[in-house]
Amino acid sequence: MHPYNRIPSSGQSTPSPPPSPLRSPRLRRSKQGKFGAGQQPGRTFAQRLTWLILSVFLRRQGIFLFAPLIYISGMLLYMGTVSFDVVPVITHRTAPGSVYRSPQLYAKLRPEMDSDNSTSDTISTIWKHSYKGGQWQPCVNKSSGGLPESNGYIYVEANGGLNQQRTSIGNAVAVAGYLNATLVIPNFHYHSVWRDPSKFKDIYDEDYFITTLENDVQVVNTIPEYIMERFDHNMSNVYNFRIKAWSSIQYYRDAVLPKLLEEKIIRISPFANRLSIDAPPAVQRLRCLANYEALKFSSLILTLGESLVARMKKLSANNGGKYVSVHLRFEEDMVAFSCCVFDGGEEEIQDMNAARERGWRGKFTKPGRVIRPGAIRINGKCPLTPLEVGLMLRGMGFDKSTSIYLASGKIYKSEKTMAPLFEMFPLLQTKEMLASAEELAPFRNYSSRMAAIDYTVCFHSEVFVTTQGGNFPHFLMGHRRYSYGGHSKTVRPDKRKLALLFDNPKIGVEILQASNAEYENS
């Protein structure tokens, strides 16, 4: 078989193929002269080099041999034409909603807001779909019978601020009732953040608390002498349970009750969040009874609080005595704990680092901990600034004639941060503005007592606005719902949506209002 034949031989001879033409355009001499036919004499060096390169590419072996060299040569020639004095700049685009740009948005919208002279009764008209399904009835029915003999005494230490302590009180009543134990008036643990040495009777009416619960849970303010003698009158000698957070009520029955029957007194410290949210109806009933019926503020707090309510209603005469209350959490410790970045620059960074170290001692500087302020803002975890609260309320339709009561602690950089909110709502009031210095003097150095005054004024408002979550708004919303037939006007903003909304440079007042209206009815 001939090497060029692809099929088997059939016995006939196959002529050999003609010789292949020469691939290389090399110069060939001819008999007629020095150069071959059709070849022009006198070619330059460049022409000869071009023919040589073409001949290399026409040979397969040459392509694989010279391709890398040609590529490297081309790159070197190209690099020689580029100046490395100028380095290309890569622009990093921030994610929408990750940067605090509300001041720029307010500067853009303020002229339009200032020109709005409407004085409509927004408080009465903003809820487009009022609830018409009837009222809810509280599930708390006070008992009338007596109590069986107690299994022993329970002493708890309630830590935290006003409303975290309130959580502990409600849980302590529920546990004591479930275990048929006698509850000792809870002791309030002093905390380095709140710095309030107030005791139970300084904030609540102790006698009213005991009397209201007398048919459900036995409550005393002191432990009998014969029991304290066994422990040398030292509570630290009493057996202390270290209970995990959110423990079930069954755990108290299985683990705590046997020790209570043995010792006749036990101590639980700390006690905040030591009872699961999910509990049988009988336990939930005791929680509601304690928080919404038995816990009444002391006469000193209640008197001033109700006076401020009357003053707010008088100042809200143009709205039929109705006012909006706003719980604003923009104190220094809240801003520091959030790890969010606002518009205070280097001074803000230094202030927040110092506040975190004072309150939490190294919690935020542990090795390996990464803090991403942009991600925190996108996730809706940053506290709303006073400016953002104003933008939100104006977007919802509340105009500058709306009376607002602001419940808060000491606002961080208040002179600067509060100015835009006062510009948007000139009728805004605080307890410091409504009450005289003499009226506030007994409360001024006690954060829990000041918070109790705010709680009272917010409770009686037509609309309650929460901006950050936490125990204060949770208790207040539940208390208002309990007292107002299951329905109370409450604004709970979606801060993830607001972060995107306030970061939109193209937004106008009309778009802001439309966006908030859509959110309100969602």
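View 1. T417 lies in helix α16 (residues 414–417); helices are DSSP runs of H or I with at least four residues, numbered from the N terminus. The model is predicted, so that local features need pLDDT of at least 70 and side-chain atom pairs count only at pLDDT 80 or more, whereas totals for chains, interfaces and linings use all residues. Residues are numbered from 1 along each chain as its sequence is written, and side-chain values use heavy atoms, with hydrogens and water left out. With a relative accessible area of 15%, T417 is buried (under 20% relative accessible area, 1.4 Å probe, protein chains only). Beyond its neighbours within four places in sequence, T417 is in contact (heavy atoms within 4.5 Å) with F330, P386, L387, I411 and Y412. The side chain of T417 reaches the backbone oxygen of Y412 at 3.0 Å.

**View 2. The largest nonpolar core.** A nonpolar core is a set of buried Ala, Val, Leu, Ile, Met, Phe, Trp, Tyr and Cys residues joined through side-chain atoms within 4.5 Å. The largest one has 68 residues, of which I154, Y204, F209, Y252 and I268 touch the most other members. Helix α20 (residues 447–459) gives the most to this core, with eight residues.

**View 3. Packing of helices α5 and α20.** Helix α5 (residues 162–178) packs against α20 at an angle of about 85 degrees. The two helices are therefore roughly perpendicular to each other (65 to 115 degrees). In this contact, L162, N163, Q165 and R166 of α5 meet S448, A451, A452 and Y455 of α20.

Key. Buried means under 20% relative accessible area, exposed over 50%, partly exposed in between (1.4 Å probe, protein chains only). A polar contact is a pair of N or O atoms within 3.5 Å; within protein, one must be able to donate a hydrogen and the other to accept it, and residues adjacent in sequence count only if both atoms are side-chain atoms. Axes are lines fitted to C-alpha atoms, for helices over the stretch in contact, and angles run from 0 to 180 degrees between N-to-C directions. Angles under 35 degrees count as roughly parallel, over 145 as roughly antiparallel, 65 to 115 as roughly perpendicular and the rest as oblique.
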